[in-house]
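Thanks, everyone. Please have the model up.

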Amino acid sequence: MTADTYSLVKPALELRNLSAWYGESRALYDVSLDVKPGGVVSLLGRNGAGKTTIVKSIMGLMNRREGSVRFENRETIGLSPRKIALLGIGLVPEERGIFGTLTVQENLMLPPVVRDGGMTLERIFDLFPNVRARLTAAGNALSGGEQQMLAIARILRTGARAILLDEPTEGLAPVIVQQIRKTIESMKEMGFTILLVEQNFDFAARVSDAFVVIENGRVVDRLEGPLGSAEIESVRRFLSV
Amino acid sequence: MTYPAGRIHAVLFVILCGLVLLLPFVVYKILLMKIMCFAIFAMAFNLLLGFGGLMSFGHAAFFGLGSYMAAHGAKELGFSAIESVVFAMVLSGLLGLIFGWIALKRQGIYFAMISLALAQLVFYAIWRADFAGGENGIQAVPRGMFLGMVDLSNDWNIYVLFTLIFLGCTLLVYRIVHSPFGQIVKGIRDNEARAISIGYDTARFKLILFVLSATLSGLGGGLKAIVLQFATLTDVHWVTSGEVVLMVLVGGIGTLAGPIVGAAIMVVVHDYLAWLGPWVMVVQGSIFILTVLLFRQGIIGTIGRKLGISL
Amino acid sequence: MSFQLLAGQLVLGLINGSFYALLSLGLAIIFGILNIANFAHGAQYMFGAMLAWGLLEYAGIGYWYALPLVFLGAGLLGLLTEAIFIRRMYHVDPLYGILLTFGITLMMQGVFRNYYGVSGLPYSVPASLSGSWNLGVMYLPIYRVWVIVAAVVICFLTWYTIEKTRIGANLRAATENPTLAEAFGLNVPLLKAAAYAGGVGLAGLAGAFAAPVYSVNPMMGSEIVIVAFAVVVIGGMGSIKGAIIAGFSMGALEGLAKVFWPEFSAMVIYIVMVAVILYRPGVDIFGRKV
């Protein structure tokens with residue numbers, strides 16, 4: 001059990017002084033943050049603050065990034081997006097990233113299995129019954145909510161232990177948002193390490209253990225959950241300004 | 001150190017004049033004239049690609065039509081050399097008007113593809129046309145007389161005439177590029193939406209440029225038919241459309257001197273390495289590949305960039 | 001005009017159409033997945049025919065063994081070409097891809113012309129497919145029927161592979177959004193190389209089919225490649241199904257044109273191509289966006 005105890009202390013995902021650029025213009029400035037194994041950390045911030053850029057930088061999708069991104073103690077700076085994915089980081093991208101020319105089943109089976117212990121199709125279908133119902137439909141025929149379920153489902157299959165969820169509730173009806181919250185809660189119970197980008201602070205506050213506030217590509221605040229009402233009020237005010 | 005562009009181009013033009021004066025004493029005049037014909041063709045193509053940003057993959061249609069029309073005019077219609085070449089230019093220009101009107105409705109790769117398709121139509125039309133002599137082309141085209149006095153079958157006489165036309169063409173291209181029209185065309189190339197919003201009828205400017213380019217291509221083809229005294233299917237084949245791209249690319253897309261240098265290199269490779277037989281194609285292909293892979297700005301473009309000036 | 005003439009030209013047209021379809025199929029795959037207009041496709045087709053001829057001439061390997069060997073040989077050529085040249089074109093203007101593959105064409109044609117000249121090399125129809133069927137109205141050479149059937153089967157298999165299999169799904173994903181596909185752990189560079197090799201393999205295979213019907217010579221691909229481009233455009237750039245159907249139908253149309261408008265039959269395809277670009281750009285023949 002000592003190894004496990006150790007890994008509980010060590011963060012699963014560890015960003016140190018991460019900087020990134022879009023072409024010539026700098027988008028991130030020395031971002032540092034940790035996500036503990038099995039923890040859920042939310043990135044908060046206004047539109048254009050750099051939350052999605054952090055997610056892209058972790059996946060190696062920026063053409064230039066510097067600093068350190070360690071996953072389970074392995075440095076990933078210098079690795080290609082593909083190698084990073086194969087280490088076991090799963091991406092649920094912004095706008096869901098469903099391939100419209102592929103069927104639902106093809107989308108589901110697309111990402112290669114990176115580790116043992118991924119969910120079986122049976123379990124996925126139990127979790128997301130609508131995915132099973134629409135297996136033969138084309139990806140671009142799904143509703144936004146169905147696409148979001150599919151985007152999460154296809155990562156659960158791969159055995160990835162860390163999941164980057166970029167705006168999973170954006171543009172979805174409240175009843176679907178409910179369902180996604182339940183999904184994230186059960187993923188948390190299953191021990192997934194989750195980095196969540198969320199505009200909807202109330203949503204984030206319910207599922208997260210810790211919060212990192214981003215502004216102009218920098219970390220401006222860190223909060224540990226559960227939040228007191230004064231903290232909630234101050235974050236809410238910051239986000240709405 | 002910066003030089004005024006006008007002075008650099010004046011110096012280049014003087015160098016060019018010196019070359020056309022001196023080279024005929026060292027090199028075959030026929031070869032030099034052939035270079036001039038292809039240089040005019042390449043300059044015409046570069047007007048469209050380099051300054052207009054329009055990649056046509058069918059320019060052999062205009063060069064080839066010019067070649068065939070000049071050959072037909074001189075051989076069958078009793079035209080003098082100059083009349084034949086003017087005849088060729090007018091018809092190529094008219095064809096350019098029609099093709100430009102059609103092709104310019106599309107952009108990018110579709111523009112390239114549509115110009116290729118239209119050029120294929122010209123190829124098959126000429127291949128099948130009775131006057132054009134099928135696979136043999138039109139042979140033994142007479143050079144005739146200039147103004148009824150100067151016998152052009154003398155290589156020196158025709159060389160002087162061609163040189164004057166060629167130098168005139170380079171000045172014309174320089175004028176076009178530096179005229180208000182040329183500025184607008186470059187503006188359209190760099191940002192068409194902006195040019196439209198300022199109020200320019202960009203479609204008309206592009207069409208005028210296309211017709212100019214087609215007419216000058218016809219001039220190149222017509223002169224070629226007169227000096228070499230034949231027109232063949234090669235002139236109108238799609239491979240010739242590819243070769244003119246190669247000339248401009250090797251010299252430097254969007255430079256003034258590049259097309260001339262590129263044409264000279266490709267004609268010299270073709271003629272001086274003729275003893276290599278089919279390996280000439282391998283050499284040409286390698287030049288193509290190396291240019292695309294290693295220096296996409298071409299010879300003149302690369303030199304100009306090193307020196308920080310536009311050549 | 002007699003029925004014989006019409007039927008005869010239609011069959012001839014369908015044979016040409018089989019080659020158009022096989023070549024356009026490869027071009028469409030390469031264009032769709034790599035965004036490269038592969039002008040070297042005609043030279044790669046020629047390579048396939050020369051390879052089939054060479055296998056027989058130098059190694060005594062006959063037609064039936066040559067077919068798979070040519071597919072593999074041309075595929076290998078495609079892998080090498082992609083690794084050395086094509087992959088350097090992924091991040092530059094597509095114009096340079098056209099120029100580069102044009103250069104490759106000149107090199108390949110030059111090399112083969114040097115060793116084999118321009119006159120045709122003989123390659124006879126395999127014994128098992130020689131002879132013809134008497135249909136009453138016309139004699140139908142068995143080899144030609146075989147070419148049409150084989151082309152239909154190969155086109156179907158290729159379509160099936162791309163539309164219905166796992167590897168096809170990976171290819172389509174890499175086409176639609178290469179960045180995202182890579183972020184899911186797909187090996188996009190490998191998929192592109194495989195697509196190029198597959199397309200070249202198909203071109204080579206078409207060349208092997210062509211060896212007994214057309215003249216085997218170094219320039220044999222230089223006209224048909226332009227037709228194949230026209231067919232790809234007509235079918236909707238990058239559409240697999242569109243390329244197949246446009247290939248067969250343009251062949252048939254050309255055959256009919258030979259009956260009604262013999263002098264200008266070669267122009268028909270280009271007229272259709274111009275019309276398609278003008279009136280239906282960016283749409284495949286089923287009216288779907290590509």
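In chain A of this predicted model, six strands form an open sheet in the order β6-β7-β8-β3-β9-β10, and the pairing is mixed. The edge positions belong to β6 and β10 of chain A, the latter covering 218–224; each has a single partner strand, so one side of each is left without a neighbour in the sheet. On average, neighbouring strands here are turned by 20° against each other, direction ignored.

One residue to look at is A:Leu43, whose bridge partner in β9(A) is A:Val212.

Next, the helices. Helix α8 of chain A, residues 174–189, packs on the sheet and touches β3, β7 and β8 of chain A; its direction makes about 150° with that of β8(A). Helix α7 of chain A, residues 144–156, lies across β6 and β7 of chain A, at about 170° to β6(A).

That brings me to the cavities. Which strand gives the largest share of its lining? That is β6 of chain A, residues 89–92, with 3 residues. The lining also takes in residues of chain C, namely C:Ala183 and C:Phe184, and from chain A it includes A:Pro111, A:Pro112, A:Val114 and A:Ile155. By type, the lining residues are 10 nonpolar and 2 polar, with no charged ones.

Methods:
Residues are numbered from 1 along each chain as its sequence is written. Chains are lettered from A and ligands numbered from 1 in the order in which they are written. This is a predicted model: local features need pLDDT of at least 70, side-chain atom pairs count only at pLDDT 80 or more; totals for chains, interfaces and linings use all residues. Side-chain values use heavy atoms; hydrogens and water are left out. On a 1 Å grid over the protein atoms alone, a cavity is a set of points where a 1.4 Å probe fits but cannot get out, and a pocket is an open set with protein on both sides within 12 Å along at least five of seven lines; lining residues have an atom within 4 Å of a point. Helices (H or I, at least four residues) and strands (E, at least two) are DSSP runs, numbered from the N terminus. Ala, Val, Leu, Ile, Met, Phe, Trp, Tyr, Cys and Pro count as nonpolar, Asp, Glu, Lys and Arg as charged, and the others, Gly among them, as polar. Two strands pair if DSSP finds at least two bridges between them. Axes are lines fitted to C-alpha atoms, for helices over the stretch in contact, and angles run from 0 to 180 degrees between N-to-C directions. Contact means heavy atoms within 4.5 Å.
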